[in-house]
Amino acid sequence: NGGRKCDKVAPAYTWRDYSAILYLNDDFVGGDFFWAHTNLTIATTVRPKCGRLVGFDGGHYHGVTGIVSGKRCAVALWFTLDEKHEERASRLAGEIFAKLDLVKNKEEHAEL
């Protein structure tokens, strides 16, 4: 593919539908987040700021400029819509919330 296409095929993380970066500091130079056009020219940049969360479709061309000085601290997050990769805790929480909704609905109907 000439390095100009990012295919969502194995062994890449094909289940990552969305990504996000949470910046934990901003006392460094460089490290700007960017999105790029398909010709790899920069389309948009985001300057890191402590507490800023940048969410994006991970399938779009993106990257980070080099750090000139200091240390960049960030948390990378990935999200999926693929139920095969759903976390057990998330599934259990969904089941609990569904049961709570059922109980609430029964109570509301009993009051009528």
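**Aromatic cluster, salt bridge and nonpolar patch**

Phe33 is buried, at a relative accessible area of 1%. The model is predicted. Phe33 pairs with Trp35 in an edge-to-face arrangement. Their ring centres lie 4.8 Å apart, with 80° between the planes. Trp35 also pairs with Phe56. Here the planes stand at 85° and the centres are 6.2 Å apart, so this pair is edge-to-face. Trp35 belongs to strand E3 and Phe56 to strand E5, so the contact ties together parts 21 residues apart in sequence. Phe56 counts as buried, at 7% relative accessibility. The structure holds 3 aromatic pairs.

Charge pairing was examined next. A search of the whole structure returns 1 salt bridge. Arg47 and Asp32 form a salt bridge through their side chains, with an N to O distance of 3.0 Å. Arg47 sits in the loop between strands E4 (42-46) and E5 (53-57), and Asp32 in the loop between strands E2 (29-30) and E3 (33-36), so the bridge ties together parts 15 residues apart in sequence. Both partners are partly exposed: Arg47 at 35% relative accessibility, Asp32 at 22%. Arg47 also lies over the face of Phe28, 5.2 Å from the ring centre.

Strand E8 (residues 74-79) supplies the largest share of the patch, 3 residues. Phe79 is found in strand E8. Phe79 is partly exposed, with a relative accessible area of 43%.

Technical notes:
Residues numbered from 1 in each chain as written. Predicted model: local features only at pLDDT ≥ 70, side-chain atom pairs only at ≥ 80, totals over all residues. Heavy atoms only, no water. Salt bridge = Lys/Arg side-chain N within 4 Å of Asp/Glu carboxyl O. Helix = DSSP H or I, 4+ residues; strand = E, 2+ residues; numbered from the N terminus. Buried < 20%, exposed > 50% of the residue type's maximum accessible area, 1.4 Å probe, protein only. Phe/Tyr/Trp six-rings, centres within 6.5 Å; stacked < 30°, edge-to-face > 60°. Lys NZ or Arg CZ within 6 Å of the ring centre and 35° of its normal.
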